[in-house]
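Have a look at the fold first, then read on.

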Amino acid sequence: MSRIGKMPISLAGQAKVEVKDNVISVTGPKGSLSQAMCDEVTISVNDGSVAVQRIDDSKRSRAMHGLYRMLVSNMVEGVTKGFTRKLEITGVGYRAELKGDLLAMTLGYSHMIYFQAPAEIKIEVPDPVTVLISGIDKALVGQIAAKIRSFRKPEPYRGKGIKYEGEVIRRKEGKAAGK
């Protein structure tokens, strides 16, 4: 049995979980999320906890068991606490700012880069070299962070670019100066 899949998900009293027609809906103080389920797993809601069971021992059922347990767990955590990713910008002249609801970035190109986030995502710029991305959907927060990072990935020689908080950039040695 899956070690992750067999663990129950505790509802902290703030989240409500409903299962109807192979769609699971989670509602909490920060909003609501829904996810379509596959037929290999069943979800039961008890008082104060959610359990995910698989219907048989096929390979696909075993794979879906842990997957859907984590998806439901992330939905419960998202509607109660939310998720945040922090991006750090490194480089001379590299900076970001908010212009209305657009994220405007200067990243060493001949033009500014503007990024419009979806309505479910909140972007903050506490200082010109830090970008905070927050929302209730963990996958969407990660996807938006990866999209912003892709505008100027950190390069290995000087470390300039956009990186996640705590990300370690493997530095390379430059050319050797004459022999």
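## Ground rules

This is a predicted model: local features need pLDDT of at least 70 and side-chain atom pairs count only at pLDDT 80 or more, while totals for chains, interfaces and linings use all residues. Residues are numbered from 1 along each chain as its sequence is written, and side-chain values use heavy atoms, with hydrogens and water left out.

## The whole chain

You'll find 2 helices and 13 strands in the chain. Both kinds of element are DSSP runs numbered from the N terminus (helices are H or I with at least four residues, strands are E with at least two). The radius of gyration is 21 Å, well over the 16 Å that the globule rule gives for 179 residues, so the chain is more spread out than a compact globule. That radius is taken over C-alpha atoms, and the rule is 2.2 Å times the number of residues to the power 0.38.

Of the 179 residues, 38% are buried. Here buried means under 20% relative accessible area, exposed means over 50%, and partly exposed is in between, using a 1.4 Å probe and protein chains only.

Two strands pair if DSSP finds at least two bridges between them.

β11 and β12 (residues 130-135) are joined antiparallel over 4 bridges. Across that pair, I123 stands opposite I133 of β12.

## Strand β6 and its partners

Which strand is largely enclosed by the rest of the structure? That's β6 (residues 49-54), because 5 of its 6 residues are buried. β6 pairs antiparallel with β1 over 2 bridges, and I9 has V50 as its bridge partner there.

β6 also pairs antiparallel with β5 (residues 41-46), this time over 6 bridges; one of the facing pairs is S44 with A51. β5 and β6 make a hairpin with 2 residues between them, and G48 in the turn has a positive phi of about 90°.

## Salt bridges

The structure holds 6 salt bridges, each being a side-chain nitrogen of Lys or Arg within 4 Å of a carboxyl oxygen of Asp or Glu. One of them joins R60 and E40, at 3.2 Å from N to O. R60 is in helix α1 (residues 59-80) and E40 in the loop between β4 (31-36) and β5, so the pair ties together parts that are 20 residues apart in sequence. R60 is partly exposed at 46% relative accessible area, whereas E40 is buried at 18%.

Strand β7 contributes to two others. K86 meets E165 with the closest N and O atoms 3.7 Å apart, linking β7 (residues 83-90) to the segment after β13, 79 residues apart. E88 meets K163 at 3.4 Å, N to O, and this pair connects β7 with β13, 75 residues apart. E88 is partly exposed at 23%, while K163 is buried at 18%.

## A nonpolar surface patch

I4, M7 and M70 form a nonpolar patch on the surface, with about 240 Å² of accessible area together. Patch residues have over 30% relative accessible area and no salt bridge; like charges are joined within 9 Å, and nonpolar side chains (Val, Leu, Ile, Met, Phe, Trp, Tyr) within 5 Å. I4 lies in the segment before β1 (9-10), and I4 is partly exposed at 39% relative accessibility.

Note on methods. Accessible areas come from the Shrake-Rupley method with a 1.4 Å probe; for residues, only the protein chains shown count as cover.
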